[in-house]
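Please have the sequence and the model open while reading.

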Amino acid sequence: MALQGKGFVDEMRMVAMKLHTREQAREGEKEVKGPEERSISKWNPTVDGYLRFLVESKSVYDALEGIVDKPDFPYYAELRNTGLERSERLGKDLEWFKGQGYGIPGPSGPGVNYACYIQELSEKDFPAFLCHFYNFYFAHTAGGRIIGKKVAGKILNNKDLEFYKWDGELKQMLQNLRDKINKITLGWTMEEKNHCLEETERSFKYSGDILRLILSPV
């Protein structure tokens, strides 16, 4: 339920944090069910699984970045050029893996499914789309960075991938996007805000399906 008197991004964050487990975040309320929901220190990642994770993640970022470049809603233009874009950097990382002799799998799994769902939302349901946009980008800058560092330490000799680098001050980029989202949602009805927040659980389900690939042996 949306609250009055707060910036909407604060509400989005509050709902998202409750969907973490206690092992993932202090505010977490969810019970641990899958291995990806446990503390990262307990993970046993594989290179093949991590490559699949990167490929499927790129499918989602390709979709998000393509959608805001061709806006069907006027507010989409506000979501361009945030500095948080990841597609180009993921492409560079996949080229690096290829240069190391790894075969790069084609996108065919949960990332493709998620990209299709996001594309569908973008054409008819902006509040729901914004929920996925916010959660996918912000999660990568928080827990995603921790995951990247831990995984690199376990299987990549601490290789610093481009996926985890940003040009400029990340903290300021995030604040700029928060401000834009708060501005976009300022005139939303309570129904629109609640609809957006209710989509959070689905965004976690899709993201979790992609994250789980890191732990997959094949």
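A residue is called buried when its relative accessible area is under 20%, exposed when it is over 50%, and partly exposed in between. By that cut-off aspartate 209 is buried, because its relative accessible area is 18%. The model is a predicted one. Buried residues make up 47% of the 218 residues in the protein chain.

**Overall fold**

- The protein chain holds eight helices and zero strands.
- Read from the N terminus, the order of elements is α-α-α-α-α-α-α-α.
- Among contacts in the protein chain with a separation of 6 or more, 79% come from residues 24 or more positions apart.

**Nonpolar core**

- The largest nonpolar core has 57 residues, and Tyr50, Phe53, Leu54, Leu79, Phe129 and Ile214 touch the most other members.
- Two or more residues of this core come from each of helix H1 (8-18), helix H2 (47-69), H3, helix H4 (110-124), H5, H6, helix H7 (190-198) and helix H8 (200-211).
- H5 gives the most to this core, with 13 residues.
- Leaving aside residues up to four places away in sequence, leucine 79 touches Val68, Glu85, Phe126, Phe129, Leu130, Phe133, Leu177 and Ile184.

**Second largest pocket**

- The volume of the second largest pocket is about 170 Å³.
- Its lining consists of Glu65, Gly83, Leu84, Glu85, Arg86, Ser87, Glu88, Arg89, Lys92 and Asp167.
- What is the make-up of the lining of the second largest pocket in nonpolar, polar and charged residues? The lining has one nonpolar residue, two polar residues and seven charged residues.
- Helix H3 (residues 87-99) gives the most to this lining, with four residues.

**Salt bridges**

- Side chains of opposite charge can pair when their charged atoms come close.
- The whole structure contains eight salt bridges.
- One of them joins aspartate 167 to arginine 89, with the closest N and O atoms 2.9 Å apart.
- Which parts does this pair tie together? Aspartate 167 lies in the loop between helix H5 (126-155) and helix H6 (170-184), and arginine 89 lies in helix H3, so the pair ties together parts that are 78 residues apart in sequence.
- Aspartate 167 is exposed, with a relative accessible area of 62%, whereas arginine 89 is buried, at 13%.
- Lysine 165 is partly exposed, with a relative accessible area of 28%, and glutamate 162 is partly exposed at 21%.
- Aspartate 209 forms a salt bridge with arginine 212, with 2.9 Å between the closest N and O atoms.

Technical notes: Residues numbered from 1 in each chain as written. Predicted model: local features only at pLDDT ≥ 70, side-chain atom pairs only at ≥ 80, totals over all residues. Heavy atoms only, no water. 1 Å grid on protein atoms, 1.4 Å probe; cavity = no way out; pocket = protein on both sides within 12 Å on 5 of 7 lines; lining within 4 Å. Points joined across faces, edges and corners; volume = space filled by probe spheres on them. Nonpolar A, V, L, I, M, F, W, Y, C, P; charged D, E, K, R; others polar. Salt bridge = Lys/Arg side-chain N within 4 Å of Asp/Glu carboxyl O. Buried < 20%, exposed > 50% of the residue type's maximum accessible area, 1.4 Å probe, protein only. Core = buried A, V, L, I, M, F, W, Y, C linked by side-chain atoms within 4.5 Å. Contact = heavy atoms within 4.5 Å.
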